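Subject: Structure handover

Dear colleague,

Please find the structure below. Some notes on what was found in it follow.

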Amino acid sequence: MKIKKGFVLRTVCGENVIVGEGLDAINFGRMLSLNETAAWLWKQAQQQGDFTAQSLTDALCSEYEVTPEQALTDVKETMDNWSKLGVIE
Amino acid sequence: MTYYTVAEHLFGVKSDENMTSLMANYRPFFTDDVTGAEELFTLTVLQGGPISYTEEWRQEDEGQETICGHTGQDEPLFEFRWAGCTAGWLVCTPGYRNGTLYLSGFQTKAALDNALMIMFAMASACTGTVLFHAAAVSLDGHGYMFLGKSGTGKSTHARLWLEHIPGTELMNDDNPAVRIKDGTAVVYGTPWSGKTPCYRNVSAPLGGIVLLSQAPYNRIVPLTGIGAYAAIVPSISGKRWDPKIADGLHDTEDKIAGTVTVWHLDCLPDADAAHLCKDTIAL
């Protein structure tokens, strides 16, 4: 998967949100609020460029004290949400 | 070169004398002593065009179309059209320090105003300044701005304050500027005020922002955090697909959302709406 062009992570009044700013994203017309973990995963996804549920899970496990099973569940849930909203492809 | 100051930003316009008669709305902002001051941008106005370019994006509003693109030399370009006819092409240097407006001869005044608004918005985006699409009034030393989609009744609500709340003055009816000065948001009148000739060189600390929606009743609720940010962003013009501009606008929008009280007013176009709004938000 990849983050769709034009979507960026912003800090708004201390909270993490995804907004559409690029030409391909300008009509997104809403903001997606992320919790700490989701924001961390977004930054990972950005760094990796081309990412999978497994590659994000590996990154999450190497950074945080979490079981691989729990990490994979969280990552899949987050990625499902992003797919539904169309911010990754 | 003739100089003007808007929201404490100096800019220069170079044009032939015929243009001066079209620039009455800029007169209150005229500045003759510019020694030592650095201009935010300069605009040179010429007759000419067409200019060829690659289109990036277009926006249509009430028969007026703005097409954004770039020239072969990668200079940002804006074409202004009314009813399908081109009024002019604005070619900017990267960074928006200098612009050249090529006029077709059709809708000269509107093209000039649009070009100056765009230059102002772009060149000031990274200086804590934003141009709002809003109506702004002042009362007891503070400014208040009313936002909303076209046709929601921004001007109507401002007029209701003028009619029913003694001491209220109109600062601007369409495009006030907001600038963060020492951590405080300040609202300024500008030479751009839509259909209302209200070109006042005035400013006031911003006391509140109200997003309007039409409703069969009057009700006002506060917005905070992301809600406040989401309410103001759609009312700020800018070219957000340019990452530098987007960063600059975001910084200012985040500061405004964090320091100014933002409200959502569901309202009728009546005196009660103005009273409810004023009684709730006025400092």
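What share of the 283 residues of chain B count as buried? The figure is 44%. Please keep in mind throughout that this is a predicted model.

Chain B first. Its secondary structure consists of five helices and 17 strands. The radius of gyration is 19 Å, close to the 19 Å given by the globule rule for 283 residues, so chain B is as compact as a globular protein of that length. The C-alpha trace of chain B spans about 50 × 40 × 30 Å along its principal axes. Of the contacts in chain B with a separation of 6 or more, 63% are between residues 24 or more positions apart.

Next, the sheet in chain A. Three strands of chain A make an open sheet, ordered β1-β2-β3, with antiparallel pairing. β1 and β3 (32-34) of chain A are the edge strands, each pairing on one side only. On average, neighbouring strands of this sheet are turned by 35 degrees against each other, with direction ignored. The antiparallel strands β2(A) and β3(A) are joined by three bridges, and N16(A) stands opposite L34(A) in β3(A).

Finally, the interface. Twelve residues of chain A are in contact with 13 residues of chain B. On the chain A side, β1 (7-12) and β2 (15-20) each supply at least two of the residues that touch chain B. By class, this side of chain A has six nonpolar, three polar and three charged residues.

Regards

Notes:
Residues numbered from 1 in each chain as written. Chains lettered and ligands numbered in written order. Predicted model: local features only at pLDDT ≥ 70, side-chain atom pairs only at ≥ 80, totals over all residues. Contact = placed C-beta atoms within 7 Å. Helix = DSSP H or I, 4+ residues; strand = E, 2+ residues; numbered from the N terminus. Nonpolar A, V, L, I, M, F, W, Y, C, P; charged D, E, K, R; others polar. Pairing = 2+ DSSP bridges. Axes fitted to C-alpha atoms, helices over the stretch in contact; angles between N-to-C directions. Rg over C-alpha atoms; globule rule 2.2 N^0.38 Å. Buried ≥ 20, exposed ≤ 12 C-beta atoms within 10 Å, placed from the backbone.
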